[in-house]
Amino acid sequence: MAKDHSSPYESWDGTFIDHIPMYDQQSIMTSDSALYEWMSALDKYGLTIIDNMPDDSDAGVQTAMRVDYLRQTNFGMTFDVISEKSPINLAYTSLSLPLHTDLPNQELPPGYQFLHFLSNESIGGESTFVDGLKVLEGLREEQPEYFRLLAEYAIPFRFHDTAHDIREHHPVINLDNFGNIVEIKYNAHLADVFDLPSDVMYDYYLAYRELMARLKDSRYKIELKLAAGQMVVFDNRRVLHGRNAFDENVGERRLKGCYVDRSEFKSRLRTLKKQLA
């Protein structure tokens, strides 16, 4: 019997705000069945919230390591998201952060992102999320030529500071070998100057502009203010994230983040399924 290669993912729009799967951290830490239930939902929807996180800056890392080992990037094994005087990234300011996926300038962008809210008393700073899969499904159905251009042609992404110059060409849309949409790479702050063939450039810009407009469509967006003691976990290669601007002079907003790659996540999910069968 041929194996089913259809996607396990289920896409969502802004109404998903009332249905985001929520799980208890202690249950995940102590029960493999609870761990499997949470990971299955995260695999399916690409976005979950973990409640009742300990007031401990290492708690997010400990939770992530229930899945597997962490992914290190040029920002470190873990990273603190807090407003800084001399930021190397827009995330380390109090400014609005447009919807994006992290680090498309890497050869392999990070998989699942864990963001533990240690404090969030500032005015503003609401988190925003859009399911790139849902947006791309609509683009593929309604503008198939634009979808093709974004899936076939690679554009340059680059991050550089005094210590690093990390750059890579990628298509914005990735499909697997069976035609399933498995990834979106979108980050206006890391996109470099397009260097496409001249006969493609004009149509590609139209396609890219269409995608930008769809990603800004309020029908797709979730906006919520997460509290200290909560951790949002999402598929960075599927779900775009951002935040509203906040007043850094009123209260504190501090997050601690880390990544676990998709390969390790999928491996853990399979072994848990066998173990619990």
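Two residues are said to be in contact when heavy atoms of each lie within 4.5 Å. In this predicted model, arginine 237 occupies the loop between strand E13 (231–235) and strand E14 (239–243). Apart from its neighbours within four places in sequence, arginine 237 is in contact with Leu108, Pro109, Pro110, Gly111, Val182, Glu183, Ile184 and Arg262. The relative accessible area of arginine 237 is 13%; because buried means under 20%, arginine 237 is classed as buried.

The interior of the model was examined next. In soluble globular proteins, nonpolar side chains tend to be buried together. The largest nonpolar core in this structure comprises 28 residues, and those with the most contacts inside it are Leu136, Leu150, Ile155, Val172, Tyr204, Tyr208 and Leu211. Two or more residues of this core are supplied by each of helix H4 (132–142), helix H5 (144–152), strand E8 (154–160), strand E11 (181–184) and helix H6 (198–215). Helix H6 provides the largest share, 6 residues. The surroundings of valine 172 illustrate the packing: leaving aside neighbours within four places in sequence, valine 172 is in contact with Leu150, Tyr153, Ile155, Glu183, Ile184, Lys185, Tyr204, Tyr208 and Leu211.

Helix H4 has Gly132, Leu133, Val135, Leu136, Gly138 and Leu139 as its buried residues. These buried residues pack against strand E7 (127–131), H5, strand E10 (173–175), E11, H6 and E14. At the start of H4, a side-chain oxygen of aspartate 131 comes to within 3.1 Å of the backbone nitrogen of leucine 133.

The axes of H5 and H6 come within 9 Å and cross at roughly 105 degrees. Angles of 65 to 115 degrees count as roughly perpendicular, and the two helices are therefore assigned to that class. On the H5 side of this pairing are Tyr146, Leu149 and Leu150, which meet Val200, Asp203, Tyr204, Leu206, Ala207, Tyr208, Glu210 and Leu211 of H6. Two of the residues named above, Leu150 and Tyr204, are also listed among those with the most contacts inside the core.

Beyond its neighbours within four places in sequence, methionine 201 is in contact with Phe194, Asp195 and Leu196. The C-alpha atoms of methionine 201 and leucine 149 are separated by 10.0 Å, although the two residues are 52 residues apart along the chain. Arginine 209, likewise in H6, has a relative accessible area of 58%; because exposed means over 50%, arginine 209 is classed as exposed. The C-alpha atoms of arginine 209 and tyrosine 146 are separated by 9.7 Å, and these residues are 63 residues apart along the chain.

The lengths of two further helices were compared with expectation. The 14 residues of helix H2 (residues 32–45) should span 20 Å at 1.5 Å a residue, and the end C-alpha atoms are 20 Å apart, in agreement with that value. The buried residues of H2 are Ala34, Leu35, Trp38, Met39, Ala41, Leu42, Asp43 and Tyr45. Glycine 46, with a positive phi near 80 degrees, follows H2. For helix H7 (residues 262–276), 15 residues at 1.5 Å a residue should span 21 Å, and the end C-alpha atoms are 21 Å apart, which agrees. Arg262, Glu264, Phe265, Lys266, Arg268, Leu269 and Leu272 are the buried residues of H7. The elements that cover them include H2, E5, E11, E13 and strand E16 (253–260). Arg262 is also one of the residues in contact with arginine 237.

Positive phi values also occur at residues other than glycine. Asparagine 52 has a positive phi of about 60 degrees and lies in the loop between strand E2 (47–51) and helix H3 (59–64). Leucine 103 has a positive phi of about 55 degrees and is found in the loop between strand E4 (97–100) and strand E5 (112–120).

Methods. Residues numbered from 1 in each chain as written. Predicted model: local features only at pLDDT ≥ 70, side-chain atom pairs only at ≥ 80, totals over all residues. Heavy atoms only, no water. Helix = DSSP H or I, 4+ residues; strand = E, 2+ residues; numbered from the N terminus. Buried < 20%, exposed > 50% of the residue type's maximum accessible area, 1.4 Å probe, protein only. Core = buried A, V, L, I, M, F, W, Y, C linked by side-chain atoms within 4.5 Å. Expected span 1.5 Å × (residues − 1). Polar contact = N/O pair within 3.5 Å; in protein donor to acceptor, adjacent residues only side chain to side chain. Axes fitted to C-alpha atoms, helices over the stretch in contact; angles between N-to-C directions. Parallel < 35°, antiparallel > 145°, perpendicular 65-115°, else oblique.
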